[in-house]
Amino acid sequence: MKATELMVGDLVCLQDDTKYELPLKVDGIIEDDISLEGEGFLGGVDGLIRPIPITPEILEKNGWKETEYWHEYKDGNTIIQYSLSNIWGIINGIEIEHFKCEYVHQLQHLLRLCGLDELADNFKV
């Protein structure tokens, strides 16, 4: 992964480091370097961190319900459906159709773009 793919608040893991199987939150980005919560800045991030794949368990931890064909998140006028790495639905009046979303940080970006900052920033893995 490259630093340019990330935003402050995104969740990632360090590559090939069993000490850090738990996700770490990005808390700073400067050009090609990022700072991970509790770790400080890492230089030349490319190859040092890995994205976290979206799983049914992760979605369920964050209030998504399993249906027969997909996982669904509902909150007021917001309805989001996720299946086979694709996401679609209506978020705060914005229609989203078949947005490719394989990793937690990508879902966090989508949620922030649609005004669901609190859900994105407090995402559980």
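Trainee: Is C114 buried or exposed?

Mentor: Buried means under 20% relative accessible area, exposed over 50%, and partly exposed in between, with a 1.4 Å probe and protein chains only. C114 has 6% relative accessibility, so C114 counts as buried. C101 counts as buried too, at 0%. Before we go on, a word on the source: this is a predicted model, where local features need pLDDT of at least 70, side-chain atom pairs count only at pLDDT 80 or more, and totals for chains, interfaces and linings use all residues. Residues are numbered from 1 along each chain as its sequence is written, and side-chain values use heavy atoms, leaving out hydrogens and water.

Trainee: How many disulfides does the structure hold?

Mentor: A disulfide is a covalent bond between the sulfur atoms of two cysteines. Here the cut-off is a pair of cysteine sulfur atoms within 2.5 Å. The structure holds zero disulfides.

Trainee: What pLDDT does the protein average?

Mentor: pLDDT is the predictor's confidence in each residue, from 0 to 100. Where pLDDT is low, the predicted coordinates should not be read in detail. This protein averages 85, and 94% of the residues score at least 70.

Trainee: Which elements have the lowest and the highest mean pLDDT?

Mentor: Elements are DSSP runs numbered from the N terminus: helices (H or I, at least four residues) and strands (E, at least two). Strand β4, residues 40-42, has the lowest mean, 71. Helix α1, residues 56-61, has the highest, 94.

Trainee: Which residues touch the most other members of the largest nonpolar core?

Mentor: In soluble globular proteins, nonpolar side chains tend to be buried together. A nonpolar core is a set of buried Ala, Val, Leu, Ile, Met, Phe, Trp, Tyr and Cys residues joined through side-chain atoms within 4.5 Å. The largest core has 23 residues, and W64, I80, I87, L107 and L111 touch the most other members. Helix α2 gives the largest share, four residues. A second, separate core has 12 residues, including M1 and V45.

Trainee: Where does R112 lie, and what is in contact with it?

Mentor: R112 lies in helix α2. Contact means heavy atoms within 4.5 Å. Leaving aside neighbours within four places in sequence, R112 is in contact with residues including M7, G9 and D117. The backbone oxygen of G9 lies 3.4 Å from a polar atom of the R112 side chain. R112 is buried, with a relative accessible area of 13%.

Conventions: Polar contact = N/O pair within 3.5 Å; in protein donor to acceptor, adjacent residues only side chain to side chain.
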